[in-house]
Amino acid sequence: MDKLSNLIKNRKIAKSYNGVFLALIGLIILFSFLSPHFLQTNNLLTILAQVSIIAILAYGMTFVLMIGEIDLSVGSIVALCGIVLGVMLSSGQSAFVSIVIVLVVGALAGLLNGMISAKFRIPTFIVTVATMGIFRGIGYAITDARPIQIDNPFILYLGNGKIFDLIPVPVVIVLLLLIIAHVVLSKTKFGRQAKIVGGNRVAAEYVGINIKRLQMKIFMITGLAAAVSSILLSARLYSAQPNVAVGYELDAIAATVLGGTSLSGGYGTVIGTFIGALIMGVINNGMNLIGMPYFYQQIVKGLIIIIAVYIDVRNKERLLAK
Amino acid sequence: MTDTILKMKGIKKVFPGVVALSGVDLELEKGQVLALLGENGAGKSTLMKILSGSYKPDGGEIFIKGKKVEIKNVNDAKELGISIIYQELSLCPNLTVAENIYAFQEPTRFGLIDDRKMISMTQALFDELEIDIDPKAVVKDLSISNQQMVEIAKALSTKPDIIIMDEPTSALSSKETEKLFKIISKYKSEGTAMVYISHRMEEIFAITDIIMVLRDGQYIGTVETALTTSEELIKMMVGREMDQVYPHKDFSYTKDEKLFEIKNYTKNKFFYDINLYVRPGEILGLYGLMGSGRTEIAKGIFGILKKDSGEMCLHGKPVKVNDPYSAIENNIAFVTEDRKHEGLVLTAGVYENITMANLSSLLTKFRLLDTQKEINITEKQIDDLRIKTPSFKQTVNKLSGGNQQKIVLAKWFETEPEVLILDEPTRGIDVGAKYEIYKLMIDLARKGVGIIIISSDLPEILNVSDRLLVINKKRIIAELDPKSTTQEEIMTHIIGRGDQFGQAKQSDKE
């Protein structure tokens, strides 16, 4: 009997996103009663497409939070990468070359965050607050604060196209990346090392894990995620602008924490993060459908973040209670 | 029977999945010192946490001076005159000694904290206890043993009727332990009752009046200290006859060659001129007091502390170890002293802790972790080391100290080390688990592994090591044969002859 109850408890910890999943189902049921349009296939696919940008950022954020660090610069990296995309395309580069360069710029921006923090021993919170301004500033400097029009058909297809005239391309991308990120976090040595570092830095160092290098790689991942998001966002906006994606980092963090990843590191799942992003998307969409004014939506989102962090704190306490 | 100050009757406590206490009784008289004895997980700490208000019992009654009481929180306990000294330090490291001692009961003047009065009160308390620590010192600047003394003084500052001490000496040097014993007998003669939890038999025999034994949450019995023997107590604790505390090692090494050697290892301020070697199958003991540099030497070998100079050889060939990664590459393993902070990921499962030093061996050809292999490895270690856990996924913070230590051992066994360094591997672990850990060491030695064990437990180091080095003031000061040397001889080496106190004090400060 003891063994059985312990086993059940273990499964709960391993699948900490069970609770969030139930919350998502609950919200879907709630909004389907409140609005007749909510539960239509088209609307649901729209929600998925809308959350794709935040969800991809949140995948990257899951890795960062996993090692107990934070990245506040991802919104600015999205803006900078969008500008780079716009500049590349308007200077006549092909979509393929432009995408590669954008991914490299995103990865380098992330690497820079990780390197500054590791080399100068500055907390990532401070480093990324600083680079948040720097990256966006570079974006403004390049464009002189003017938007760049995006008209490359392939890029536009990535953000707005539909497969079989039904499934938005961003949905396919976000699901593909979900699988990749999930496998990397839960099934590779790299992902396991991230979990160990987040759980106990000293123990991680003593089993020979190079924490600085791992941290740099992880910030590269968030940079890459931001680069991918920037392509989708630019396509959806048909333009690259330095003032986009402000505050996206906080939405990404909220989605990640909602999904059960600990702010202090050590545990979390990409699937949970995806569900967290969906919850935010469902709430956004649902509130729009029932015609809730924008300001109230802000209040509701704020409350959700508080609830998410409260759940995190309570889970941690329960996990550590003897 | 008017002297009975505390009576606990039928105390029950259930945690999800475990019955921690099933109807335990305890009776304590004025001026009596009771030893609470039992293996880890027997329920000692749980019982004391109920008494001090940290836990709520699920059943049973508590009487203080014959009156039934309900202890709902730590403040209730304080008001009833119960004070507890925790095994793990509970001081605020950034505050001064005086601020810590009078935390939440600061003397005030016009509503503000009266610093001067607080310091003089602390000084008065220290004078009474004969403790030589500056009340104005910041706690984090004190040595661990001095911090523990502050912790003890803090518990006594409320003038309690009942004092609970949970392994108070595990962080104390022998000098401070003596001081503590003096304090105990002084309070005892003034009528204070005490509950003393310790795994150290010598201490229990030295200062307690009666001994109560718990096993698996059940009351086993109470005996008078003067009328019992450690054999009888071990039998009560373990529930079976343990003919010996230390298993027999019938060889001193498997090959007469130097498997591992360091020459002239020096790291300024941490250790100087360390020369040592170990043969295959040999257990080399390093004995030193807290602050002697023993742990730093081990960290130097493992590349955690970067050496300033010196050489390392494996199989006679020079090797470079600059960090833990290269140490592991060279088949060196290091079981650290502080398993919770340096060895385990408490929020992770048993399997994640066991495989964390050897993840590369789990990779499939697609560079993914082989989950089935990981489970198999974990299940095998759980069987081999007899780790008591409900499942391989269990988060390790819920396991007892002995089982946690076995997980740390399993983690390093998985790396198949040639040289295994163990720093205080049996601290805070019960007799049964200790025996098993010694046996695992011997089994490994039989396979030709060279073992270096660091310990401040003299009987342990004398019984398990084949050769013994004594460390003091960051240097090796003697090599002794554990078969022929005595505890007195070792202590003489450390304290030196003549001005014993002058030297001891100096080494304390370093």
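Predicted model: local features only at pLDDT ≥ 70, side-chain atom pairs only at ≥ 80, totals over all residues.
B:K186, for its part, is partly exposed, with a relative accessible area of 26%. Over all chains, a search of the whole structure finds 26 salt bridges.

**Salt bridges between separate parts of chain B**
- B:D256 forms a salt bridge with B:R279, their closest N and O atoms being 3.0 Å apart.
- Because B:D256 lies in the loop between α8 and β13 and B:R279 in the loop between β14 and β15, this pair ties together parts that are 23 residues apart in sequence.
- B:D256 is exposed at 57% relative accessible area, whereas B:R279 is buried at 14%; both belong to a network of salt bridges that also links B:E282, B:R467 and B:E479.
- B:E436 forms a salt bridge with B:R386, with the closest N and O atoms 3.7 Å apart.
- B:E436 lies in helix α15 and B:R386 in the loop between α13 and α14, so the pair ties together parts that are 50 residues apart in sequence.
- B:E436 counts as buried at 17% relative accessibility, while B:R386 is exposed at 53%.

**The β11–β12 hairpin**
- Strands β11 (residues 210–215) and β12 (residues 218–224) of chain B pair in the antiparallel sense over six bridges, with B:R215 standing opposite B:Q218.
- Two residues separate the strands of this hairpin, in which B:D216 takes a positive phi near 50 degrees.

**Surroundings of B:A348**
- B:A348, found in the loop between α11 and α12 of chain B, is buried, with a relative accessible area of 4%.
- Leaving aside neighbours within four places in sequence, B:A348 is in contact with B:N353, B:Q394, B:T395 and B:V396; the C-alpha atoms of B:A348 and B:Q394 are separated by 7.9 Å, although the two are 46 residues apart along the chain.

Key. Residues numbered from 1 in each chain as written. Chains lettered and ligands numbered in written order. Heavy atoms only, no water. Helix = DSSP H or I, 4+ residues; strand = E, 2+ residues; numbered from the N terminus. Buried < 20%, exposed > 50% of the residue type's maximum accessible area, 1.4 Å probe, protein only. Contact = heavy atoms within 4.5 Å. Pairing = 2+ DSSP bridges. Salt bridge = Lys/Arg side-chain N within 4 Å of Asp/Glu carboxyl O.
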